[in-house]
Amino acid sequence: MDRSNVRIPCVLMRGGTSKGLIIKDMDLPKDTNLRDEAILKIYGSSKNGQIDGIGGGTSLTSKLGIVGISENYDYDIYYTFGQVSIYENNIDFNVTCGNMASAVGLYAVQEGLVTVKEPYTKVRILNTNTNKIMEVEVPVSQNTPVTEGDYQIDGVSQNGAKINVSFLDPDGAFTGKLFPSGNLIDTMYTQSGKTFNVSILDTGNIVAFVHASAFNLIGPEGEDVINNEEILNEIEELRIAVGIKLGIFKTEQSINPQVDALPKIALVANPENDSVDIIGRYISMGKLHKAFAVSGSIALAAACKIPNTIPNLLVNEPKNNMVVIGHPSGTIPVEIFIDKNESDYSVVKGSIGRTARRIMEGYALVPTSIIEKDGERI
């Protein structure tokens, strides 16, 4: 028997356009520092990338869901999302991920963590990162979750069964307000002396929206253009300025986009045709996101529906409650419900269809020296 390693049960899953491990909290060390050390060992995060672990080497494929069973009648399970750094010994728990929430919902049904109902099992999830409720509707047939189907999401080659992910009352999870600055549009000044107009929303995640033309871009550009060092440096300067304005960063603080994930920046532009309502380019961990983050999509759809924000001034008139976002891999449709109380707006609900798949199950091996002392789990 191998006593040099501890076996930690886990499942590798794809949720939407993201991928990562889902681990039950009871299978991890109770001490959060040791927990994080164990997870980083599993993923292999280091200055040499993730060659010594299961991490996929990109922000999309280095995600984590920690799941626990709830004794609260308001929700079924709780879910803590972690963005695992590729090159740093760090896990960012100050963000959230709607893509991985689809995998967590499917996982909950597969693992018997919720009561199964046909034709859809609605899994109510407390996202501990935001202290907000998500609802994930998993299709079920003969008491078994359905994963095969004809629903297609751009950024994933294989079709699957549609899993609906809804953010309920998501406003102000990180700052307490839908518009953290109190303004629909803010003028930001970066360290190099450039000026940008942005609309900052805190719903799903904190995202600052800026016109692509501010970086001499048209809008539909991809990685080959946007992942240019000069453009990314300008975007990061803007992100830092937004973070300082919101009190997330301090002026003298050293900021690393691989570690300090919020706020996010998204470039927006007029649509090229009637198939989309707005073009979006989402920056994550210092690079262009190959799709558009689900949490960021909620914020962009909300901004499109609220008059006089930067996205609203660019968008094709959204049809009913749907906003279709064009991104590098295709499109993502978002169903958004906005409420207005006098001059204040609030997001009641934002929903996005995803697919998810259980890829591998088993044990991750972690050196005993990391999580045991005197033969006892710490």
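A cavity is here a set of grid points where a 1.4 Å probe fits but cannot get out. In the predicted model examined here, 4 cavities of 30 Å³ or more are found.

By class, the residues lining the largest cavity comprise 8 nonpolar, 8 polar and 2 charged.

For the second largest cavity, the space amounts to about 80 Å³, and of the 13 residues that line this cavity, Glu 236, Arg 239, Ile 283, Met 285 and Gly 286 are the closest to its centre. At least two lining residues are supplied by each of helix H4 (229-245), strand E13 (264-269) and strand E14, with H4 giving the most, namely 3 residues. The lining of the second largest cavity divides into 7 nonpolar, 2 polar and 4 charged residues.

With regard to the cysteines, a search of the whole structure returns 0 disulfides. Cys 97 accordingly takes part in none, and the nearest cysteine sulfur, which belongs to Cys 10, is 18 Å away. Because the relative accessibility of Cys 97 is 4%, which is under the 20% limit, this residue counts as buried. Cys 304 likewise counts as buried, because its relative accessibility is 1%.

Key. Residues numbered from 1 in each chain as written. Predicted model: local features only at pLDDT ≥ 70, side-chain atom pairs only at ≥ 80, totals over all residues. Heavy atoms only, no water. Disulfide = S-S within 2.5 Å. Buried < 20%, exposed > 50% of the residue type's maximum accessible area, 1.4 Å probe, protein only. 1 Å grid on protein atoms, 1.4 Å probe; cavity = no way out; pocket = protein on both sides within 12 Å on 5 of 7 lines; lining within 4 Å. Points joined across faces, edges and corners; volume = space filled by probe spheres on them. Nonpolar A, V, L, I, M, F, W, Y, C, P; charged D, E, K, R; others polar. Helix = DSSP H or I, 4+ residues; strand = E, 2+ residues; numbered from the N terminus.
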